[in-house]
Amino acid sequence: MPDRTIARVATIARRTCLLHFNSGARASAILRGKLFDYDGSGVAVGDRVHAVCENEQWAVEEVLERDNAYLRKGLRREKQVMFANADRVLIIASLAQPSTKIAALDRFLVAALFGGVPAVFVLTKLDLDMAGNRVREINSIYESFDLRIFPVSNITGEGIEPLRELLQDGVSAIIGNSGVGKTSLTNALIPELDLQVREVSAWSGKGTHTTTAALYLPFGERAALIDTPGMKSFVPYGLGRDNLTALFPDIQELTRACRFRNCKHVAEPDCAVLEALEEQTLPASRYKSYHRLLSELEEDY
Ligand SMILES: Nc1nc2c(ncn2[C@@H]2O[C@H](COP(=O)(O)OP(=O)(O)O)[C@@H](O)[C@H]2O)c(=O)[nH]1
Ligand SMILES: [Mg+2]
Ligand SMILES: [Zn+2]
């Protein structure tokens, strides 16, 4: 192997990362200086980096410019890059047990729009939504979006095949709350990943008790999956009053017809958003998601 090459960051732990080389090999690498910051200034899982090897020790020299990045807000409100350079993010929601709230879907979707990562919805536990009511509801809420929706059952295998086909090309990241069926889905889609998941997570778990970083897992001819750690709650990063509306394209479209330029869409006269809500052309759940995120922003000041 040459002593200087471009590699992908497979996972990160403290001041080291695991690199994935084009050859398929993996090696630990040191993150020098500010590169170990697990935020925007540092290295993220999925990053392409310049790596150098001196005295049999790899080190990351430089992070190449990112195509996109999926961000969340940490507990101290800091920016965390969950992953970078994904061709798509699979937002996983369960149709039942638990029935994922639209507000949760919207949080993950907003982060995808903000970070420039194309989003796909995967609705798991289709076998528990026998009449298909929840699938129809979610389809109708997002019908005006440029968004593919895949209802699947990890138990019966229904709906798995078209999704597997989509995943054969490029990097797909998986995201969603705990318990929605992410691990089951990965196993149903790409059973051969199991061993690699254990190897890579064992590496990143060394010296710590929990795995907090995502895992970049190549498979097939030209594909990779990015598995993200389980989450109880997700707070998107980078939202402000000035850009939130743009991240709700259905609402933004409506605001152009509001009477007041600075309409807050709460109680103003001739508010097109409130009118659409009344006429049920804007789903109440979308309106709620929007105002919920807006009020969280205001709490920040
Ligand atoms: N009925 C049904 N149960 C599922 C399905 N997918 C996952 N589960 C169950 O949901 C629970 C959580 O699944 P898991 O894959 O661990 O979720 P994760 O926390 O997102 O990784 C487990 O008990 C699974 O057996 C599905 O498609 N149908
Ligand atoms: Mg899991
Ligand atoms: Zn308005």
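## Close-up views of a predicted model

**View 1. The shell around ligand 1.** Asn154, Gly181, Lys182, Thr183 and Ser184 come nearest among the 16 residues around ligand 1 (near: C-beta atom, placed from the backbone, within 6 Å of the molecule or strand). The model is predicted: local features need pLDDT of at least 70, side-chain atom pairs count only at pLDDT 80 or more, and totals for chains, interfaces and linings use all residues. Residues are numbered from 1 along each chain as its sequence is written, while chains are lettered from A and ligands numbered from 1 in the order in which they are written. Helix α4 (residues 182-189) gives the most to this shell, three residues. Helices (H or I, at least four residues) and strands (E, at least two) are DSSP runs, numbered from the N terminus. By class, the shell holds 10 polar, three nonpolar and three charged residues. Nonpolar means Ala, Val, Leu, Ile, Met, Phe, Trp, Tyr, Cys and Pro; charged means Asp, Glu, Lys and Arg; the others, Gly among them, are polar.

**View 2. The six-stranded sheet.** The sheet is open and mixed, with the order β10-β9-β8-β11-β13-β12. Its edge strands, β10 (148-151) and β12 (215-219), each pair on one side only (pairing: at least two DSSP bridges between two strands). From one strand to the next, the twist averages 25 degrees. Strand β9 (residues 119-124) runs parallel to β10, joined by four bridges. Phe121 stands opposite Ile149 in β10.

**View 3. Helix α1 on the sheet.** Helix α1 (residues 102-115) packs on the sheet and touches β8 (88-94), β9 and β11 (169-175) (contact: C-beta atoms, placed from the backbone, within 7 Å). The directions of α1 and β8 make about 175 degrees. Axes are lines fitted to C-alpha atoms, for helices over the stretch in contact, and angles run from 0 to 180 degrees between N-to-C directions. The 14 residues of α1 reach 20 Å from first C-alpha to last, close to the 20 Å expected at 1.5 Å a residue (expected span: 1.5 Å times one less than the number of residues). Of these 14 residues, 11 are buried, including Leu105, Phe108, Leu109 and Phe114. Buried means 20 or more other C-beta atoms within 10 Å of a residue's own; exposed means 12 or fewer; partly exposed lies in between; C-beta atoms are placed from the backbone. Just after α1, Gly116 takes a positive phi of about 75 degrees.

View 4. Strand β6 (residues 69-73) pairs with strand β7 (residues 79-84) over five bridges, in the antiparallel sense. Tyr70 has Phe83 in β7 as its bridge partner. Four of the five residues of β6 are buried. Five residues lie between the two strands, and in this hairpin Arg77 has a positive phi near 65 degrees.

**View 5. Backbone exceptions in the loops.** Most residues other than glycine have a negative phi, and most peptide bonds are trans. The peptide bond from Gln97 to Pro98 is cis, with omega near -5 degrees. Pro98 lies in the loop between β8 and α1. Asn85, in the loop between β7 and β8, has a positive phi of about 60 degrees. Asn85 is buried, because 25 other C-beta atoms lie within 10 Å. Lys125 sits in the loop between β9 and α2 (133-141), with a positive phi near 65 degrees. Lys125 has 23 C-beta neighbours inside 10 Å and therefore counts as buried.

Note on methods:
Contact = placed C-beta atoms within 7 Å.
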